[in-house]
Amino acid sequence: DWMITTQLTVPANGQLRFWTRQAQNGDQGSIFQIRASLNATQDNQAAFQIIQSYTESDLQDLNGDITQYTEKVIDFPAAFIGQTVYIAFVRVHTQLTNARSGDRWLIDDVRVRPRCSNPNGLDASNPQSTSITLTWNNPGLATSFEIEVVPQGQDPTGTGVIVSAPGTNPTSFNTAGSPLTFAPGQCYQYYVRAVCGTAPDTLTSGWAGPFPFCTLPLGSVCADPLVVQTLPYQTAGNTLNFGDEVDTTQGTGCGATPAGTNYLAGNEVFYSYTPDITGNVSI
């Protein structure tokens with residue numbers, strides 16, 4: 001069974017993208033092929049060459065929800081770039097009896113578009129207790145991205161949060177104030193993909209990642225201190241748990257023993273207290 005498009009011009013870095021599903025659970029033995037032709041005659045089937053072939057289990061997870069469409073993305077071979085082509089969707093099935101058999105092939109939203117370049121070179125820096133700066137190479141200079149963050153070791157869902165970031169290479173995105181949220185002192189991993197074009201004709205690149213990172217415990221930096229809510233306040237702990245984020249020279253009136261010891265050269269923890277009383281507070 002053949003379904004052939006009108007003639008389409010394949011752009012530089014061109015891709016064929018379409019959404020698809022089958023109609024029946026279980027493998028009915030059908031083969032689904034994508035073919036392309038440079039011939040001027042649309043129905044010259046002999047001129048078409050196969051550029052992608054799927055079994056039923058290749059096309060879709062037959063053990064999942066068969067009613068859900070999935071997007072397929074196919075890179076055109078170099079010989080088709082810049083050329084005017086016909087694209088054919090071909091269902092191949094061998095009928096073992098006189099009765100019609102095989103599965104149906106449902107196809108929607110067929111598009112030929114330039115490739116949306118994958119990010120790469122992921123990194124993470126400037127960790128805070130609830131935010132971090134995520135950096136990646138952005139070869140396509142996209143300005144919109146989808147980021148998914150999961151706990152370290154957990155599989156991604158494939159659906160993240162859409163964020164805007166500068167169209168620079170590399171791109172640096174500070175998560176402070178963004179829809180991404182993190183808990184203090186936890187370890188995560190992130191994935192990112194570029195979003196190209198404008199709605200409703202947007203495209204996404206492949207996912208890059210994972211890249212692991214950890215947030216700092218509350219109290220590790222001045223921007224995210226441990227907040228003293230009420231007095232009297234007492235706590236116990238070890239500054240080893242908070243790290244050494246700040247090194248500076250202390251004041252001369254600190255009473256260091258022996259003299260010259262710099263207490264600020266080691267690990268530290270930050271506290272914050274906003275008084276709601278008038279009077280002296282002893283620390």
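Which side chain does Thr 157 join through a polar contact of 2.7 Å? The partner is the side chain of Glu 148. Keep in mind that this is a predicted model.

**The largest core**
- The largest nonpolar core has 20 residues, and those with the most contacts inside it are Trp 136, Phe 145, Ile 147, Tyr 190 and Val 192.
- Four strands each supply at least two residues of this core: E10 (133–137), E11 (144–151), E14 (187–196) and E16 (208–214).
- E14 is the top contributor here, giving 4 residues.
- In general, nonpolar side chains of soluble globular proteins tend to be buried together.

**Trp 136 and its neighbours**
- Leaving aside residues up to four places away in sequence, Trp 136 touches Phe 145, Ile 147, Tyr 190 and Val 192, among others.
- Its contacts also include Pro 119, Asn 120, Gly 121 and Leu 122, plus Pro 170, Thr 171 and Phe 173.

**The second core**
- There's also a separate core of 17 residues, with Phe 18, Ile 34, Tyr 54 and Val 85 among them.

**Thr 157**
- You'll find Thr 157 in the loop between E11 and strand E12 (161–164).
- Thr 157 counts as exposed because its relative accessible area is 60%, and the cut-off for exposed is over 50%.
- Besides pairing with Glu 148, the Thr 157 side chain reaches the backbone nitrogen of Thr 159 at 3.2 Å.
- Thr 157 and Pro 275 sit 118 residues apart in sequence, and their C-alpha atoms are 45 Å apart in space.

Terms used: Residues numbered from 1 in each chain as written. Predicted model: local features only at pLDDT ≥ 70, side-chain atom pairs only at ≥ 80, totals over all residues. Heavy atoms only, no water. Core = buried A, V, L, I, M, F, W, Y, C linked by side-chain atoms within 4.5 Å. Buried < 20%, exposed > 50% of the residue type's maximum accessible area, 1.4 Å probe, protein only. Contact = heavy atoms within 4.5 Å. Polar contact = N/O pair within 3.5 Å; in protein donor to acceptor, adjacent residues only side chain to side chain.
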